[in-house]
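Welcome, and thanks for taking a look at this fold with us. Please have the sequence and the model open side by side as you read.

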Amino acid sequence: MRTCVERHGDELIARRHLPAVPDRVWAAFTSPASIAAFWGGSHADVPPDSVTVDLRPGGEFVLDTRAPDGRTGRLRFVYVSVDPPRELVFDEPVTGLRTTVTLRPARDGTDLTVHQRKLPPELRTDQAADGLASILDALAAHLRHHDDGDDSAPSNPA
């Protein structure tokens, strides 16, 4: 199964069924080691030591990406709402992009929706939609191949 992504103006909506309970999916979205394992999708690597998570409203999560051509970038997000294991809302402060991750229990796992709003013009592309799908496909592979034995708590730099 592949991720379904829809584009509507300045919004992207991705949906994916995951064969893992919401608590496991939540852990993947909130633990540094798991974020590093899937966040780059097929288009970038995320060095595990670059990921920090301060899981609270107003807290940040930060990660570095490294593209196959060697380009690097730093991504920084600020949590707006943290409602385990149901919903995460976070903003990218530079562009104003808001991402809402919603987890709904399903009979055999979790139905995941990632809704991005206020996409800047450079992210209103098929390439950006494919990138989001790639990230969620990598998340599904990570959940299939790892028992999420990452018992590390989200890091708190404070």
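F61 is buried, and F90 is buried too, where buried means under 20% relative accessible area, exposed means over 50%, and partly exposed is in between (1.4 Å probe, protein chains only). Please note that this is a predicted model, in which local features need pLDDT of at least 70 and side-chain atom pairs count only at pLDDT 80 or more, while totals for chains, interfaces and linings use all residues. Residues are numbered from 1 along each chain as its sequence is written, and side-chain values use heavy atoms, with hydrogens and water left out.

**Aromatic rings**

- Rings of Phe, Tyr and Trp (its six-membered ring) pair if their centres lie within 6.5 Å; planes under 30 degrees apart count as stacked, over 60 as edge-to-face and the rest as tilted.
- The count by this rule comes to 10 aromatic pairs.
- F61 and F90 have ring centres 5.1 Å apart and planes at 85 degrees, so they form an edge-to-face pair.
- This pair links distant parts of the chain, with F61 in strand β4 (residues 60-66) and F90 in strand β6, 29 residues apart.
- For F77 and F90, the ring centres are 5.3 Å apart and the planes lie at 75 degrees, so this pair is edge-to-face.
- Here too the pair links distant parts of the chain: F77 sits in strand β5 and F90 in strand β6, 13 residues apart.
- F77 and F90 are both buried.
- A cluster linked by ring pairs takes in F29, F38, W39, F61, F77, Y79 and F90.

**The sheet**

- Helices (H or I, at least four residues) and strands (E, at least two) are DSSP runs, numbered from the N terminus, and two strands pair if DSSP finds at least two bridges between them.
- Eight strands make an open sheet in the order β1-β2-β8-β7-β6-β5-β4-β3, with antiparallel pairing.
- At the edges are β1 (4-8) and β3, each of which pairs on one side only.
- As background, strands of a sheet pair through backbone hydrogen bonds, either parallel or antiparallel.
- Strands β5 (residues 72-83) and β6 (residues 87-92) run antiparallel and are joined by five bridges.
- Y79 stands opposite F90 in β6, and both of these residues belong to the ring cluster.
- Seven bridges pair β2 with β8 in the antiparallel sense, and H17 stands opposite D111 in β8.
- β7 and β8 run antiparallel and are joined by nine bridges; L103 has L112 in β8 as its bridge partner.
- Two residues lie between β7 and β8, which form a hairpin.

- Contact here means heavy atoms within 4.5 Å; axes are lines fitted to C-alpha atoms, for helices over the stretch in contact, and angles run from 0 to 180 degrees between N-to-C directions.
- Helix α1 (residues 22-30) packs on the sheet and touches β2 (11-18), β3, β5, β6, β7 (97-106) and β8 (109-117).
- The direction of α1 makes about 155 degrees with that of β7.
- Helix α3 (residues 126-145) also packs on the sheet, touching β1, β2 and β8, and its direction makes about 20 degrees with that of β2.

**P22 and its surroundings**

- P22 lies in helix α1 and counts as buried because its relative accessibility is 13%.
- Not counting residues up to four places away in sequence, P22 touches P85, L103, R104, P105, G109 and T110.
- P22 and D111 are 89 residues apart in sequence, yet 8.4 Å apart in space, C-alpha to C-alpha.

**S50 in its loop**

- S50 lies in the loop between α2 (32-38) and β3 (52-53), and it counts as buried because its relative accessibility is 7%.
- The side chain of S50 reaches the backbone oxygen of P47 at 2.7 Å.
- Not counting residues up to four places away in sequence, S50 touches V62, L63, D64 and R74.

**Backbone geometry to check**

- Most residues other than glycine have a negative phi, and most peptide bonds are trans.
- P84 and P85 are joined by a cis peptide bond, with omega about -20 degrees; P85 is in the loop between β5 and β6.
- K118 has a positive phi, near 60 degrees, in a residue other than glycine.
- K118 lies in the loop between β8 and α3 and counts as exposed because its relative accessibility is 53%.

Conventions
A polar contact is a pair of N or O atoms within 3.5 Å; within protein, one must be able to donate a hydrogen and the other to accept it, and residues adjacent in sequence count only if both atoms are side-chain atoms.
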